[in-house]
Amino acid sequence: MALANPQSPARLRDKTTSQEEAAEMPETSEVLSNRGGLTSLVPALASAALLWTCYFPLAQGWLAWVALVPLLSLVRSQARPRYVYWSAYAGGLAFFWPVLQWLRVGDYNMMYYSWGALATYCAAYFPLAIFLTRQIDRRTSLPLVVVFPAVWTALEFLRSYLLTGFPWYFLAHTQHDYLSLIQISDLGGAYAVSFLVAAGNAVIFDWLYRTRWFRALFALPLKTEDRRWRIEDRGKPKRSILDPQFSPLALLVRSLWAQTVGVALLVAATLVYGAFRLSQNSFDTGPRLALIQGNLDQQIRNDASSSEQMVQATFDHFGRLCDRAALQNPPPQLIVWPENSCPRDWTENPSGHPASRSLHFANWAADLWKTNLLIGMEAYVQESDEEERRYNSAVLILARRGSRSVEGLPSGRYDKMHRVPFGEYVPFQESMPWMKTFAPYDFEYSIRSGKQFTHFHLGPNQFGVLICFEDTDPVLARQYVGDPETKVGFFINISNDGWWRGTSGHDQHLAISRFRAIENRRSVCRAVNMGISAVIDGNGRILEPRTVQTGDNAKIWQIPSDSNSTAELPVSRWSEFKQVQGVLLASVPIDHRSSFYARWGDWLPWTCWLLVGIGLGCPLIGRFIGKTA
């Protein structure tokens, strides 16, 4: 039997083909490193670490402009897709678990489950962002400086809605202390700032991607030819609708220099607009408020539901602070109690009129403190179907001087709309009873969601109330000012942050509130158990209070009535106002400016979703054009 010739034409053709393929492929060692998981995991964890430093407790927001650069290497990575996406998910876990650790300090062990579940859910947005960006980046000629910001902003928007929404730890929130930069929030919301910061990361990545050391560091392809201009269809090159030969303008879009200049101009325009808005700092002087900040341990408040002794202890704690607020000179026009700080219940009948015991409480409180009160308390409302529903409410009691005493006039109630899952209700408990396993209490504690936005009247002024984390939801605050005919003059946020015991959750909550003030050009006045109570003007400045009284283990802080000349409270001093009881006295800065964002809403994230949809559909359109050409 004759042996096959080792130099046969077939072997020669195979050898030639292999040599041609080898010329187009990286070296074997490089391929192996690129296909491994470590080279994908390291940049994901690096971004997680950088991003964590941007938020509290470190709050190094300037790092946000480069924090996502390592993560972006996964967009161009040659590793197997499963390594890429699992690494991105690991990066999300490495970020969200530490940054949300303040959730675990609640009084119940179940808070650890809440912390883990929320962090694990939020982490999924990292691989989703990489997946969408990779698909568009590889199949179209859309520049990364457009694709990545659009994807990131669109997913932040999705996270603010999905599963009741969690609009915390946006990329924009890293920039809260750079006021000239975040003034564009009144144009596109916090999403506009997120888009800008993500664009900065993308353009920096693309420049570094051109350097050999950066590609070697993250095991990226050593050849930088852009193959995204062709769509492969059965081995035949097809033109994309964004091919330079198909659209000459795409050459300009593809130029990295043009992209860099575009982002630089966008940042410059943002700073100029910010300087212009910050120069508009002449606000009218509004009503004088006394914002009560308790320092009551959450365990005591929980025990108040079953112990009359704890009920009295809770009422005494906030009552003493209210006593001191009412004695100030000049007296406040409104004393504000934090969320659920009053252990008494407010009850109303089906017609909406307060029950006799609620009227008695209103008269008693108004006669005792001789001024108007906004009290955070639970409301029980007897509905027309004879079912009693429980709400987390804010009740306004106006003081009216009668012939013998001061009478309390109930003047409106706002019921919290955006409930906290598991904290205020158990989702899907009717269809999935096992969900109650994750509830922090072993009894029925759910509240109902409010149905309407209440415009409270205080003399010539109107204000809206946001309870608890509602001031982190851009949609709710916007409803109060979207209609030019009925817009309120300022916001009051009442919250119980006593769960978090001085952790970074207090600081992050306050930082996010600044965006609501700028987005709507309305002051936000916060009365928060355990802090941080504050007054934020329409430019997002947190006005610096000064201590005017100290005694009985409580402080009286006051913000000068001329808020236009008041200094801003630096972030380095925020910790002084956590876990301390006191009263913050301030006249509300009334901002009469209008806001494009308040009027037109989330146009930017919807535009981002449209762009993502176009990017994902481009390959299909390209194939269709190629077939018909």
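Predicted model: local features only at pLDDT ≥ 70, side-chain atom pairs only at ≥ 80, totals over all residues.

Q: Why are helices H17 and H18 called oblique to each other?
A: The axes of H17 (residues 308-326) and H18 (residues 356-369) cross at roughly 45 degrees and come within 10 Å. Angles under 35 degrees count as roughly parallel, over 145 as roughly antiparallel, 65 to 115 as roughly perpendicular and the rest as oblique, so H17 and H18 are oblique. The axes are lines fitted to C-alpha atoms, for helices over the stretch in contact, and the angles run from 0 to 180 degrees between N-to-C directions. Helices (H or I, at least four residues) and strands (E, at least two) are DSSP runs, numbered from the N terminus.

Q: Which residues make the contact between H17 and H18?
A: With contact meaning heavy atoms within 4.5 Å, H17 brings Phe315, Gly319, Cys322, Asp323 and Ala326, and H18 brings Phe361, Trp364 and Trp369. They divide into six nonpolar, one polar and one charged.

Q: What makes Cys342 buried?
A: Buried means under 20% relative accessible area, exposed over 50%, partly exposed in between (1.4 Å probe, protein chains only). Cys342 has 3%, so it's buried. Cys54, at 4%, is buried as well.

Q: How do you know that Arg390 and Glu378 meet in a salt bridge?
A: The rule asks for a side-chain nitrogen of Lys or Arg within 4 Å of a carboxyl oxygen of Asp or Glu. For Arg390 and Glu378 the N to O distance is 2.6 Å, and that's a salt bridge. Arg390 sits in strand S7 (residues 388-401) and Glu378 in strand S6 (residues 372-382), so the pair ties together parts twelve residues apart in sequence. The structure holds 19 salt bridges.

Q: Why is Arg390 called buried, and why is Glu378 called partly exposed?
A: Arg390 has a relative accessible area of 16%, so it counts as buried. Glu378 has 21%, so it counts as partly exposed.

Q: What makes Arg526 and Asp471 a salt bridge?
A: Their closest N and O atoms are 3.6 Å apart. Arg526 lies in strand S12 (residues 523-529) and Asp471 in the loop between strand S10 (461-467) and helix H19 (474-479), so this pair ties together parts 55 residues apart in sequence. Both Arg526 and Asp471 are buried.

Q: Why is Asn340 called partly exposed?
A: Asn340 has a relative accessible area of 24%, so it counts as partly exposed. Asn340 lies in the loop between S4 and strand S5 (346-348), and its phi is near 50 degrees, a positive value in a residue other than glycine.

Methods
Residues numbered from 1 in each chain as written. Heavy atoms only, no water. Nonpolar A, V, L, I, M, F, W, Y, C, P; charged D, E, K, R; others polar.
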